Amino acid sequence: MHDLVKSNILNKNLISHGDNVLLALSGGPDSVFLFYNLIKLKENLSFNLYASHINHMYRGEDAFNDEKFVKQLCGKYNIKLFVKRKHATEYAKELKVTEEEAGRILRYNFFKENLNEVGGGILAVAHNLNDQAETVLQRIIRGTGIDGLSAMSVKKDNIIRPMLNVSKSEILEYLHNNNYEYCVDITNSQSIYGRNKIRLDLIPYLENNFNPNIQNTLYRMSEAMDRDKKIIEKYIKKIFYEVLISNGDNKVILSIQKLKKTEPEEMGRILRYALEVLKGNAVNIEMKHINYVIDFVNNGKTGKKINLTEAVNAEISYDKLIFNKNLENIPKFKYNIVLHEPLEISEVGKVIHCKVLDVSEFNPENKDTISIDYDLIEGRLIVRNRLTGDSMIPCGMTGIKKIKDIFIDMKVPKEERDKKLIIADDNNILWLEDFRIHNSFKVTSSTRKILNITIREQLNG
């Protein structure tokens, strides 16, 4: 079996010399099998091996025994281990998702943290041939297309699955022949979850009555579907970037005008890919969600918002279709500004730095800073987000304008408005982020001192 795993890794270029490889190590037979194979391969390929273990805590003493076993195993081979304890049931309630989905989110967020700590790398997970067959059947039962039938890939982004073509029986035989110990999760043998019913009831029924090699057949089908899927994805990605306006960690914005010029089948694929880009995966993106958004694009109006799946919503803002992650509301904040000292505003992840300059130091060509006539400021300086009734006289205008109306004119989405910084003194709003300064505080020929404002993103860690 080691030769098969080694062949998978080398022939598919899953791991290269010097890579950081993080193994998702539960302590069960599959992950222990992969652990020993990676230990053996590490001698020749020379990569850095780490391990990560999540204690979901819902299996009581058994869960802590698994954690203890994993610590001893990694200690024996001098492998750095990351451990996290978090009750999956409670986490599911927090996120308002199923326990299974909460566990998946918890695991992959922790894996991402671990990889960041070691400087980036590859995540190795121990899905096997049986897992692939179960996934395909589960998706057929739910109703799926090519994407669902392709199931799990040997490599996707920085995740590798070196043993997708290794059966459970082969894994257990390898472990027993080498006297390798592993943990047993008794819940896997209980027909209480949908996936367990597929494993314990449906697959044996299909093997006994229709095809004794059904799992291999489903694996071969998933490979064929994966090849077709990649051809389609290549085409869809090209169109996606043609309609894409912007893409960030918590938002994907598409041009509605360009979307409407695509074929209906293309639009559905583009929207699905946009959601996958936003979420980082395609889990629980169903056709009903896609059809919902297509109708939304064709019939929605500015300001309209709909909730989709897993804390994701879609919003129309003029010609923009905006997919957002439903983040917590930005709280109200207000900080006193201390001149010449950086001020971190954790609520919006930004750092503001205000300093006073002599007019001779003023550089009007510098677009990275904002400049205000310092001598006109009255009282203390604060930075905050918007309040009801806020208004100012924008530079170049004579009349007062509400901040709300400025946001509407600027086409700033509602969920972005509380993130915009406002600098004010005791009597006036001096500056609105991404807009302009108060007309009465602009730098003129009579200005002697300048309040110079610099903003940057807050660095994590």
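**Entry 1: cavities.** Before listing any residues, I noted what I mean by a cavity: a set of grid points where a 1.4 Å probe fits but cannot get out, with lining residues having an atom within 4 Å of a point. I also reminded myself that this is a predicted model.

How many cavities of 30 Å³ or more does a search of the whole structure find? I got 2. The largest cavity holds about 80 Å³ of space. I wrote down its lining: Asp147, Glu233, Ile236, Arg269, Arg272, Tyr273 and Glu276. Sorted by class, that makes 5 charged residues, 2 nonpolar and no polar ones.

Which helix gives the most to this lining? I found that helix 12 does, with 4 residues. Helix 10 (214-243) and helix 12 (264-279) each supply at least two lining residues.

Next I turned to the second largest cavity, with about 30 Å³ of space. Around this one I listed Asn8, Lys12, Val154, Arg161, Pro162, Leu164, Asn165 and Tyr219. Here the classes come out as 4 nonpolar, 2 polar and 2 charged.

Entry 2: I followed 6 strands that form an open sheet with mixed pairing, in the order 3-2-1-4-6-5. Which strands are at the edges? They are strand 3 (80-85) and strand 5 (155-156), and each of them pairs on one side only.

Further in, I looked at strand 1 (residues 20-24) and strand 2 (residues 48-55), which run parallel and are joined by 5 bridges. One spot I marked was Val21, standing opposite Leu49 of strand 2. Helix 2 (residues 29-45) packs on this sheet, and I saw that it touches strand 1, strand 2 and strand 4 (122-124). The direction of helix 2 makes about 160 degrees with that of strand 1.

Entry 3: A reminder to myself: strands of a sheet pair through backbone hydrogen bonds, either parallel or antiparallel. I then checked strand 13 and strand 14 (residues 350-358), which pair in the antiparallel sense over 4 bridges. Leu343 has Ile352 of strand 14 as its bridge partner.

I also looked at where the side chains of strand 13 (residues 342-345) point, and they alternate.

Entry 4: Is Lys420 buried or exposed? Lys420 counts as buried because its relative accessibility is 14%, and the cut-off for buried is under 20%. I placed Lys420 in the loop between helix 15 (414-417) and strand 19 (422-424). Leaving aside neighbours within four places in sequence, Lys420 is in contact with Arg384, Asn385, Phe407, Val412, Leu432, Glu433 and Asp434. Of that list I took a second look at Glu433: Lys420 and Glu433 are 13 residues apart in sequence, yet 5.6 Å apart in space from C-alpha to C-alpha.

My last stop was Asp66, which I found in helix 3 (residues 61-76). Asp66 has a relative accessible area of 10%, so Asp66 is buried as well. Setting aside neighbours within four places in sequence, I wrote down the contacts of Asp66 as Ser26, His53, Arg59 and Cys183.

How values were computed: Residues are numbered from 1 along each chain as its sequence is written. This is a predicted model: local features need pLDDT of at least 70, side-chain atom pairs count only at pLDDT 80 or more; totals for chains, interfaces and linings use all residues. Side-chain values use heavy atoms; hydrogens and water are left out. On a 1 Å grid over the protein atoms alone, a cavity is a set of points where a 1.4 Å probe fits but cannot get out, and a pocket is an open set with protein on both sides within 12 Å along at least five of seven lines; lining residues have an atom within 4 Å of a point. Grid points are joined across faces, edges and corners, and a volume is the space filled by probe spheres set on the points. Ala, Val, Leu, Ile, Met, Phe, Trp, Tyr, Cys and Pro count as nonpolar, Asp, Glu, Lys and Arg as charged, and the others, Gly among them, as polar. Two strands pair if DSSP finds at least two bridges between them. Contact means heavy atoms within 4.5 Å. Axes are lines fitted to C-alpha atoms, for helices over the stretch in contact, and angles run from 0 to 180 degrees between N-to-C directions. Buried means under 20% relative accessible area, exposed over 50%, partly exposed in between (1.4 Å probe, protein chains only).
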